[in-house]
Amino acid sequence: MKATLQTLFALGRGDKAADRVVPPTGFTARLTLFAAAAMAFLAVFALALSLAAGRLATSWGDELARASTVRISAPDGQMAAQTATALRLLQQTPGVASARALSEAEQQALLEPWFGPDLPVAQLPVPQLIEVLETPEGYDPDGLRLRLQAEVPGAVLDDHARWRKPLIAAASRLRLLGWASALMIAATVGAMVTLAANAALAANAQVIAVLRLVGATDAYIARAFVRRFTLRALSGAAAGTVLGIGAVLLMPPAGETAGFLTGLGFRGWHWVVPLLVPPLAAAVAFVATAVAARRVLGGLS
Amino acid sequence: MGKAHFPGAARIAYAARLMHNRPSFSGDGTGVIELDNVAYSYGGGELLSELSLQLAPGSFHFLTGPSGAGKTTLLKLCYGALRPTAGVARLFGQDVRQMDRDDIAMSRRRIGVVHQDCQFLDHLSVAENVALPIAVSGQALPEQDDNLRELMAWVGLTERAGALPPELSGGERQRAALARAVIMSPEVVLADEPTGNVDWEMSQRLLRLLIELNRMGVTVLIATHDLQLIRAAKSQVQTRVLRIANRRLHAAGVDL
């Protein structure tokens, strides 16, 4: 722990001499940079997916939950009376902000996508729809259902919960998957840096032997490697994050009728999240290299 | 290349610094390095056994014996690169068994080691390699540049300071290794076949450097199978010659 803290301080301070004791390596350095960049790019997408799924779940949970529908199927003669009764009853229900019977034109518009524009709605036994908007506190759907049953026999309350719940569940699962992907990516960065650090430590066995001979502590030797890999992961992940954010910005904007995919992106404070990717990658690389170095050095005589 | 010698003023400054920097150690014995009834076995067979050695401060020892007798192993036991499989090894009064890797690293700053096949950081210049012990100890100070220059002059490598280690000849490598071993003003210098790869003239030069260090109070232990070198040293400095034979350490006979 103490050694890790020392390493952390030295990392911030920078130590040219310690950097120079390990010979520079071109090819593996570029590979580490590339892998960190690719992982950061993927991480940005995983995060965008998670955050978008989270927003979707929230909006379906909150906004759609405040709208429900009462459907009245009654013989022609009783339709108007039952609608009026239902409206009165709804307006008296605590938690209902407003209730409004849809006009014939509105109902026609709802059916248009399925039956075409020329459908004579008036001549069909189409049930009357009442749009119910809830207050944020909401109403008690079971109580309302009972009262409607008693007073308006042809009324059916549809509080959207039936079809909303699986969608919310799916969105939540999607969000979970996104976060799991982000975690996997972080773990992959750790694994990759561990492999690269092990290779570097093995390739520099002679350097390590010389340093030990002249009195270098393990912390000093580890620092040279840790600093190198941390900076590589940081700069690689920074490049990958910039590319990833750029790609997210290039997604078509989410319009009124936009589906789920075009909503993929960052909103408001969510923009901070992808900016955390490079420092997190650096932190993972720091820990991975420190652990690898400690294990390798501890095994030497 | 002129004859290597330590410039007068520099020598006094160096000796003063040696004395000043010398930490006192509190061992119950009298040696800076002590091996007490030590044994060392590699895998199956025992290489060294019932071996006791005390390096008193300021003493000059030779360690001899046939190849493969365990000279290098004994030196490694003396600087904590190997731990005895039995018995007690003490560095500056501290039991090696109770020293962790950092303690060993710290003790290396008080023990200069010269190997037969001295290794360097091949991508750094000779001067940087010689100054490496200072760099890794985190004690780099501006005034040490003078110190480094004096040391490079002492071992006759001033003109080669900017060269890379692979460009050096065998003798130059040995002298660079010696300079690196002494830059921290160590109390002990352990040299493993320091003259193994160099001609007679160069081995005499290296020997003179080691004798000069010993006159400044540095404890010296040289492992060598070169009896001529030991004879040459005996005429200049009081030495004790130890011989490894049959896994044990003996005081060498008067025939040397």
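# Questions on chains A and B

User: How many helices and how many strands are there in chain B?
Analyst: This is a predicted model, in which local features need pLDDT of at least 70 and side-chain atom pairs count only at pLDDT 80 or more, while totals for chains, interfaces and linings use all residues. Residues are numbered from 1 along each chain as its sequence is written, and chains are lettered from A and ligands numbered from 1 in the order in which they are written. Helices (H or I, at least four residues) and strands (E, at least two) are DSSP runs numbered from the N terminus. Counted in this way, chain B holds nine helices and 10 strands.

User: What percentage of the residues of chain B count as buried?
Analyst: A residue is buried if 20 or more other C-beta atoms, placed from the backbone, lie within 10 Å of its own, exposed if 12 or fewer do, and partly exposed in between. Among the 256 residues of chain B, the buried share is 43%.

User: In which order do the strands of the open sheet of four strands in chain B lie?
Analyst: Two strands pair if DSSP finds at least two bridges between them. Strand 1 (residues 33–41) and strand 2 (residues 46–55) of chain B run antiparallel and are joined by six bridges, while two bridges join strand 4 (residues 86–91) of chain B to strand 5 of chain B, again antiparallel. At the edges are strand 2 and strand 5 (94–95) of chain B, each of which pairs on one side only. The order of this open sheet in chain B is 2-1-4-5.

User: Which residue in strand 2 of chain B is the bridge partner of B:Val38?
Analyst: Strands 1 and 2 of chain B form a hairpin with four residues between them, and B:Gly43 in the turn has a positive phi of about 50°. In strand 2 of chain B, the residue bridged to B:Val38 is B:Leu51.

User: Is B:Glu50 buried, exposed or partly exposed?
Analyst: B:Glu50 lies in strand 2 of chain B, and although this residue is not a glycine, its phi is positive, at about 45°. Because B:Glu50 has 13 C-beta neighbours inside 10 Å, it counts as partly exposed.

User: How far apart in space are B:Gln238 and B:His61, C-alpha to C-alpha?
Analyst: B:Gln238 sits in the loop between helix 9 (227–234) and strand 9 (240–245) of chain B, and it is exposed, with 9 other C-beta atoms within 10 Å. Although B:Gln238 and B:His61 are 177 residues apart in sequence, their C-alpha atoms are separated in space by 8.8 Å.

User: How many helices and how many strands does chain A have?
Analyst: Of the 301 residues in chain A, 33% are buried. The elements of chain A are 11 helices and four strands.

User: How do helix 9 and helix 11 of chain A run, roughly parallel or roughly antiparallel?
Analyst: Axes are lines fitted to C-alpha atoms, for helices over the stretch in contact, and angles run from 0 to 180 degrees between N-to-C directions; angles under 35 degrees count as roughly parallel, over 145 as roughly antiparallel, 65 to 115 as roughly perpendicular and the rest as oblique. Helix 9 of chain A and helix 11 (residues 277–298) of chain A pack at about 155°, with their axes 8 Å apart. Therefore helix 9 of chain A, relative to helix 11 of chain A, is roughly antiparallel.

User: How many nonpolar residues are in the contact of helix 9 of chain A with helix 11 of chain A?
Analyst: Two residues are in contact if their C-beta atoms, placed from the backbone, lie within 7 Å. Ala, Val, Leu, Ile, Met, Phe, Trp, Tyr, Cys and Pro count as nonpolar, Asp, Glu, Lys and Arg as charged, and the others, Gly among them, as polar. The residues that meet include A:Phe225 and A:Phe229 in helix 9 of chain A and A:Phe286 in helix 11 of chain A. Besides three polar and two charged residues, this contact has a nonpolar count of 18.

User: Which helix of chain A gives the most residues to the side of chain A that touches chain B?
Analyst: The contact between the chains takes 18 residues from chain A and 20 residues from chain B. On the side of chain A, the elements giving two or more residues are helix 2 (16–21), helix 8 (205–213) and helix 9 (218–249) of chain A. By class, that side has 11 nonpolar, four polar and three charged residues. With seven residues, the element of chain A that gives the most is helix 8.
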